[in-house]
Amino acid sequence: METAANGEEALEKLRTPVDVLVTDLMMPRMDGFELLKRLRTQGEAPPAIVLTAFGNIETAVRTTLDLEAFWFLEKPIQPAALKVLIERAAQHNRLIHETERLQRRLVYQGVLVDLVGACPAMQQIFSVIRQVAPSKAAVLITGESGTGKELAASAIHHLSTRRDGPFVAINCAALPETLMESELFGHEKGAFTGAVERRAGCFELAQGGTLLLDELAEMPIGTQAKLLRVLEDSRVRRLGGSKEVAVDVRVIAATNKEPEEALRKNLLREDLYYRLNVFHIHLPPLRERLSDLPLLTEALIDGLNRKHETRVVDVHRDVLDQFKRYSWPGNVREMRNVLERAVIVAGEGTITARHLPRDFGLPPGARPATPPASESDGLRIPVGTTVGDAEKALIHFTLRHTRNNKTRAAGILGISDKTLLNKLKEYAAKPNGDAAKSNGE
């Protein structure tokens, strides 16, 4: 245990890390308020227990929250209560450090929130994300479609002090120009035809959290000017409204276009670009980080197994070699789609080449001719079979392939679980002959 007579002396002694800080508020030379503020600005402060002489509990709690202290105790101090608080604060401190240690380990192993990558380029990106996340600075994320720009923005949000607030993403390319401002800033009832009620915009929905403006260069120039003003003033005015609403939102922008090219073509306002480009994160395409394929494959399969209730373990070495030879024009998004199909078809064990699409790795228009099907990998339907009987045969064949796993079978067939169950009930209700006769008619 270390003791100090005032805040200045405490700052000197706190150069050596401690588990818990117990401080009075009223002290000579430097009081408890200033001490805790200094500790916050200098870096990580230990959990602090504040001793107060306030008679009003509400005032004491509010003061403690403002100082970001662990808790408070009223004077005169009860030693037993102080002992319990110190133990809990110390345990809280250990949990924080253990969480950070595990997170550093995950980053080292190539995982940061939902981002995956162990190559030097991704590790550098992880480092930047961890640096910028605790701040309030704007971030511009660039990269080709499918590289994970929204995942990077989500990682920044979840590693920030706003993690408990909402994360709202809006795709500027998916909205018509007439609805863009309404989506961003909201509107009042009657602001335009069809505005039958008041509606909050994305800035208000993201209050206290993070707003991702995806495909920023697709936003109309006029709307960009209004966006810049909101960023400068932290206030929005709904369409048709007369009052401004204060907003506390961290803005992250993303685009798949080169910023310099977008500026040159007048797709992006220069002043808005410099306002958002405080930190710039560029995500490399998958073809430039092929060493991450094994790690990405493992992470994607793990998530897809949970989604589809499958038990796929890994991919065959030949498949991984195919992945490494492919250029992946759709980047990680395309890879996920390929693996999702393979996971559903395989169901369990190892993904092999026969679980991949027949045209995988070929340029558009170069699809191979479909070979004759065999009972082991396909279903033969003779000429003259009715549509109803063909459908029934296909459903039963798929169920045999999935070992009667109806969820997997529905996924392969491209129908819902409910539709599949209804079909099976229909087949069970009709004898084979009646069904064939009915279908023949």
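Reader: What is the bridge partner of V22 in β2?
Author: I49 is the partner of V22 there. β2 spans residues 48–52, and four bridges join this strand to β1 (residues 21–24), running parallel. Strands are DSSP runs of E with at least two residues, helices are runs of H or I with at least four, and both are numbered from the N terminus. Two strands pair if DSSP finds at least two bridges between them.

Reader: Which way do the side chains of β1 point?
Author: They alternate. Buried means under 20% relative accessible area, exposed over 50%, partly exposed in between, with a 1.4 Å probe and protein chains only.

Reader: What kind of model is this, and how are residues numbered?
Author: The model is predicted: local features need pLDDT of at least 70, side-chain atom pairs count only at pLDDT 80 or more, and totals for chains, interfaces and linings use all residues. Residues are numbered from 1 along each chain as its sequence is written, and side-chain values use heavy atoms, with hydrogens and water left out.

Reader: What does the pLDDT of the chain average?
Author: The average is 84, and 88% of the residues score at least 70. pLDDT is the predictor's confidence in each residue, from 0 to 100.

Reader: Where is confidence lowest, and where highest?
Author: Lowest in helix α18 (residues 432–440), with a mean of 43. Highest in strand β6 (residues 139–142), at 96. Over residues 367–376 the pLDDT is below 50, and this stretch has 11 contacts in the model beyond near neighbours in sequence. Contact means heavy atoms within 4.5 Å. Residues 433–441 are also below 50, with seven such contacts. Where pLDDT is low, the predicted coordinates should not be read in detail.

Reader: Back to β6. What is the strand order in its sheet?
Author: β7-β10-β13-β6-β14, an open sheet of five strands with parallel pairing. β7 (167–171) and β14 (279–282) are the edge strands, each pairing on one side only. Neighbouring strands are turned by 20° against each other on average, direction ignored.

Reader: Which helix packs on the sheet, touching β6, β13 and β14?
Author: α5 (residues 120–132), whose direction makes about 150° with that of β14. Axes are lines fitted to C-alpha atoms, for helices over the stretch in contact, and angles run from 0 to 180 degrees between N-to-C directions. Helix α6 (residues 149–158) lies across β6, β7, β10, β13 and β14, at about 150° to β6.

Reader: How many residues of α14 are buried?
Author: 12 of its 16. Among them are M335, V338, L339 and I344. The buried residues pack against several elements, including α12 (293–308), β15 (311–315) and α15 (387–401). After α14 comes G347, with a positive phi near 80°.

Reader: New topic. How many aromatic pairs does a search of the whole structure find?
Author: Eight. In one of them, the rings of F323 and W328 have centres 5.3 Å apart and planes at 75°, so the pair is edge-to-face. Rings of Phe, Tyr and Trp (its six-membered ring) pair if their centres lie within 6.5 Å; planes under 30 degrees apart count as stacked, over 60 as edge-to-face and the rest as tilted.

Reader: Are F323 and W328 buried or exposed?
Author: Both are buried. Ring pairs link F323, Y326, W328 and F360 into a cluster.
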